[in-house]
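This report describes the protein shown below for a reader who is new to structural analysis. Please keep the sequence and the model in view while reading.

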Amino acid sequence: DYDNKIPVIGFSIKLSDYGFSKELSDNDLTSTRLGSPATQAPEIALGNYTAKADLWSIGVIIYQLLFKQLPFFNVKNRRQLDEAIQKWTKVELPNNNNNPISEICIDLIDKLLKKDPKKRIEFENYFNHKFFSEEHKKELMKKYESSNSKEEKKVDNKKNMKENNNR
């Protein structure tokens, strides 16, 4: 499956929601309900939030990129989304045996998707999280190259077996 073979290493992902942005300092409060509902932090629905709401949104987006679904299962409309977020207690990761996720990545997602913004990771800690370190990138690249090499060997073995059977 091609889309599970692309390493996300050395890429910069830039996200924007033109027309729905608002600049906030770390402790500024706002009550304007902006952004895409699926990625909105729980505190936005309550009316007052800080820039840390963006950290929740980043967590939802990372989750979506990794698992091809939202962290809220079976949500079809805004009411169901609000109910799912209100019931939210912690991140539950789907079974992903075909594409295991590093413990460092799981840690980052867990710290981003804290319902209580006071318990959510701080911006400085987010930007300095080990997930973004060169060491982690090298570790992921090594695993990717190793698994890619194993896949190539499997393909070669299948090809050899097929050739031998055709003789």
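## The aromatic cluster

F132 counts as partly exposed, because its relative accessibility is 33%. The model in which this residue is seen is a predicted one. The ring of F132 pairs with the ring of Y126: the centres are 5.2 Å apart and the planes stand at 75°, so the pair is edge-to-face. An angle over 60 degrees is what places a pair in that class. Y126, for its part, is buried, with a relative accessible area of 9%.

A second pair joins F123 and F127, with 6.4 Å from centre to centre and 25° between the planes, and this pair is stacked. Both residues belong to helix α5; they are 4 residues apart and therefore separated by about one helical turn. F127 has a relative accessible area of 56%, so it is exposed. F123, Y126, F127, F131 and F132 together form one aromatic cluster. The structure as a whole holds 5 aromatic pairs.

## Overall architecture

The secondary structure consists of 6 helices and 0 strands. Read along the sequence, the pattern is accordingly written α-α-α-α-α-α.

The protein has 167 residues, of which 25% count as buried. Its accessible surface comes to about 12200 Å², and carbon and sulfur atoms account for 50% of that area. Among contacts with a separation of 6 or more, 54% are made by residues 24 or more positions apart.

In soluble globular proteins, nonpolar side chains tend to be buried together. In this model, the largest nonpolar core has 23 residues, and W56, I109, L112 and L113 have the most contacts inside it. Two or more residues come from each of the helices α2 (53-67), α3 (78-87) and α4 (103-112). The helix that gives the most is α2, with 7 residues.

What does W56 touch, apart from residues up to four places away in sequence? Its partners are T39, Q40, A41, P42, F72, W88, L112, L113, K114, K115 and R120. Two of these partners, L112 and L113, are also among the residues with the most contacts inside the core.

## Helix α2

The 15 residues of α2 should span 21 Å at 1.5 Å a residue, and the C-alpha atoms at its ends are 21 Å apart, which agrees with that expectation. Just after this helix, K68 takes a positive phi of about 60°.

Which residues of α2 are buried? They are A53, L55, W56, S57, G59, V60, I62, Y63 and F67. The buried residues of α2 pack against α1, α4 and α5.

## Salt bridges

The count of salt bridges comes to 7. One of them joins the side chains of R120 and E43, with 2.7 Å from N to O. This pair links distant parts of the chain: R120 lies in the loop between α4 and α5 (123-127), E43 lies in helix α1 (residues 42-46), and the two are 77 residues apart. Are the two partners buried or exposed? R120 has a relative accessible area of 2% and is therefore buried. E43 is also buried, because its relative accessible area is 5%. Residues count as buried when this value is under 20%.

Another salt bridge forms between K111 and D107, whose closest N and O atoms are 3.1 Å apart. Both residues lie in helix α4, 4 residues apart, or about one turn of the helix. K111 has a relative accessibility of 33% and so counts as partly exposed. D107 is likewise partly exposed, with a relative accessible area of 28%. A further bridge connects the side chains of E134 and K137, at 3.6 Å from N to O. These two residues are 3 residues apart in helix α6 (residues 134-166), so about one helical turn separates them. K137 is partly exposed, since its relative accessible area is 29%.

Terms used:
Residues numbered from 1 in each chain as written. Predicted model: local features only at pLDDT ≥ 70, side-chain atom pairs only at ≥ 80, totals over all residues. Heavy atoms only, no water. Core = buried A, V, L, I, M, F, W, Y, C linked by side-chain atoms within 4.5 Å. Buried < 20%, exposed > 50% of the residue type's maximum accessible area, 1.4 Å probe, protein only. Contact = heavy atoms within 4.5 Å. Salt bridge = Lys/Arg side-chain N within 4 Å of Asp/Glu carboxyl O. Expected span 1.5 Å × (residues − 1). Phe/Tyr/Trp six-rings, centres within 6.5 Å; stacked < 30°, edge-to-face > 60°. Areas by Shrake-Rupley, 256 points an atom, 1.4 Å probe, with all protein chains shown as cover.
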